[in-house]
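Me: Hi! Could you walk me through a model I'm about to set up?

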Amino acid sequence: MRLYSNLSIKQKQIVWAWAFLALPVLFYGIIRFYPTGTAFVISFQEWNLLGDRTWIGWDNYVELWNDPVFWKVFVNTFEYLLIGTPLSLVLSFIIAYHLDKLRFMHGFLRMLYFLPFMTSAVAMAWVWRWFYQDVPIGLFNNLLASVGIPQIAFLNSTTNALPAVLAPAVWAGLGFQVIIFMAGLRAIPQSYYEAAKIDGVGWWTVLTQITIPLLRPTIVFIVVFSSIGFLRIFDHVFNMTTNNPGGPLNSTKPLVLMIYDTAFNGFNMGYAAAQTVVLFLILLLVSLAQLWLLRSD
Amino acid sequence: MTRYLKGVALAGMTSAMALFSSAVSAVEIEYWQYFFDARVTAMEQLIENFETANPDITVKMTHFPYADYRTKVAAAIPAGEGPDVVQLFYGWLNDYVAAELIQPLPAETFPASQIDDDFFPMVQAMKDGDHYWALPTAVRSLALFYNERLLDEAGVEPPTNFNELMAAAKAMTKRDGAGNITQVGMTAGMTAQDHHWWREGLIRQFGGEPYLDDYQTVNYNTDAGLQALEFYASLFSGDDAVSAIGFMDEPQAAFKAGRAGFHIDGSFRIGSLDKTRGLKWGVTELPATAEGARSNYSSYWVNAITTKAEGEKYDAAVKFMEYVTSDEAMQIWLDVVGELPAKPSVGLTDANASNETYGPFIRGLAYANTTKFANESGQRQLMVEMVERMTLEGMSAADSLAIAAEAEQKILDDYYK
């Protein structure tokens, strides 16, 4: 007690801050950082979950480098990112921009856009999976067939499957991004717009010179957030292709699904951990690159 | 009043003593299996019967979703938690033995020579020298399910050979005006049981041997393998296809919905088909070749005593193992789950072998082979991709077969190295 009363105010504040922080720090240390560290160690070992772990150095990484499936999966992962992020960014901005101007049924429409975000990804993926089936059960193909257009192989195709899986993922994330964008739009002071009006500039100039530059922090947040989401895509892919996860012919398989498959179907924990480390590095690099590109001046 | 109180006190003491003494002598052992409704119900019945016969032993059953099962077992037993008796897939035995998760069954209670005589021969994969590591209650095999209504409508009979199968399937296939299939003569898809049918059924029927050296060497990149693959692909390719991959999402779903004439599946499907309203189905043996050659695939789950069981728990576990591999347990398992008894003496009784539903499966056991998988889902995936390369990328059967054989050999080499 004496020890405590001898401390300066500043030091006391630090003690209290750490006292309150202790729980989350412990939580993060034990639940997050310890397993993360272990994953790094396991990536240099061979382990089938049952037997002993044996140290094999860089073998897992060498195997990964020479694995054609890994490179296919690597490309897929970036396809999800490079199609998904810009598409959802543009769509959600357009929706938010117009929704912001709309008064009639504003709340109701906003709710409609937000609803898919609250829906379980698993349930949604299964519903879309059935939408995509061939006749006689698929909604889309039944519509096409009823007007005499040949069926489209949505999921059973090496080219169409990835966009087909991505579509509901983009749609589901839209609601959240719309809300964030609207909050960003509301935060822009009206005085800028009034000044622009007095100067008599057109809507395009207002959009590109005032709205978008002032939305920069919002855009950074959404880009980083949705990029991480698309790089980690799993539940949509897994549920829409459960019988043949990541298929057909690995054309929809993202890195996370490959990790899951290696670990819990192949029981090759070391190899899975090496893939996890690679995913970690990709996430780190992509996030850093985005923060750097979109940094404020 | 005092006498009454004394009486109550005495009664209370006696019952407390009774409770206490039973608590001392009772052994509780734990049993783990994965969750499948009928299996859990059957095991509950077995446990109840076992506890009645052995009042000093209680068995606590825990079950998990299949997806978590292996991970949980692996984590629990080394930590001294978890089951005393555990259920595992026959293909996992090597891993479990190597990791010292299970201990051999005592040879005095389970003499190997006796078991060799009593059980179907495929169970000998669980044998090591003069003792067995694990034993099944039930085994599974494949058979051909058919939709009676569709057969009647097309005026065809359940087939006995490939020619009849194809002819009947053709008669039951329906298309819409644009040529899209709206009803398949037969389901197809390597994701379901077809990869077993192809490996152990078709290849052998076309005169091949799918693996050599105790399933360590792939041997289907041969004429027989190619013929088997071409026959299988003829189901869903060409203008006169009788099937479509991915039709109605899953083969069993198409059959349940009454949109498929034939469907190859295991005996474990019987329960869920029975619950399907409005479906009139029957089952027959897998079709033979024109020359009458037959082959089937069988697999099984076994029970084993874990290394955690010691002392009186070990003795109780041995007793429990004896019961779950008894004739009585096998009959209960057949009646409740629909899985076939692991002993010919129970399975091949006249009543069971001529049973309309179980008969075809039980007769199939006589010519069944059991694949020893290194990584079942990985090896299945190669079969799925072998077909996809042909249907989606237009690769020839021979090339696709060669790629699959090479990839599977790599999985086997990695596992057995």
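This is a predicted model: local features need pLDDT of at least 70, side-chain atom pairs count only at pLDDT 80 or more; totals for chains, interfaces and linings use all residues.

Me: Great. How many helices and strands are in chain B?

Reply: Chain B has 18 helices and 16 strands (DSSP runs numbered from the N terminus: H or I of at least four residues for helices, E of at least two for strands). Its C-alpha atoms fill a box of roughly 95 × 50 × 35 Å along the principal axes.

Me: And which domains is chain B divided into?

Reply: Domain 1 covers 27–140 + 299–358 and domain 2 covers 142–297 + 369–416, with bounds from an automatic or database domain assignment. In chain B, the centres of domain 1 and domain 2, taken over C-alpha atoms, are 30 Å apart.

Me: How many residues of domain 1 of chain B are in contact with domain 2?

Reply: 12 residues of domain 1 of chain B contact 11 residues of domain 2 of chain B; contact means C-beta atoms, placed from the backbone, within 7 Å. On the domain 1 side there are six nonpolar, four polar and two charged residues (nonpolar: Ala, Val, Leu, Ile, Met, Phe, Trp, Tyr, Cys and Pro; charged: Asp, Glu, Lys and Arg; polar: the others, Gly among them).

Me: What about chain A against chain B: how many residues does the contact take from each?

Reply: The contact takes 25 residues from chain A and 26 from chain B. The chain A side divides into 11 nonpolar, 13 polar and one charged.

Me: Switching topic: which residues of H2(A) meet H14(A)?

Reply: Ala39(A), Phe40(A) and Ile42(A) do, and their partners in H14(A) include Met269(A) and Ala273(A).

Me: Last one, Thr252(A). Where does it lie, and is it buried or exposed?

Reply: Thr252(A) lies in the loop between helix H12 (235–240) and helix H13 (255–264) of chain A. Thr252(A) counts as buried because it has 30 C-beta neighbours inside 10 Å; 20 or more other C-beta atoms within 10 Å is buried, 12 or fewer is exposed, and in between is partly exposed, with C-beta atoms placed from the backbone. Beyond its neighbours within four places in sequence, Thr252(A) has contacts including Asn76(A), Ala161(A) and Val237(A).

Key: Residues are numbered from 1 along each chain as its sequence is written. Chains are lettered from A and ligands numbered from 1 in the order in which they are written. Two residues are in contact if their C-beta atoms, placed from the backbone, lie within 7 Å.
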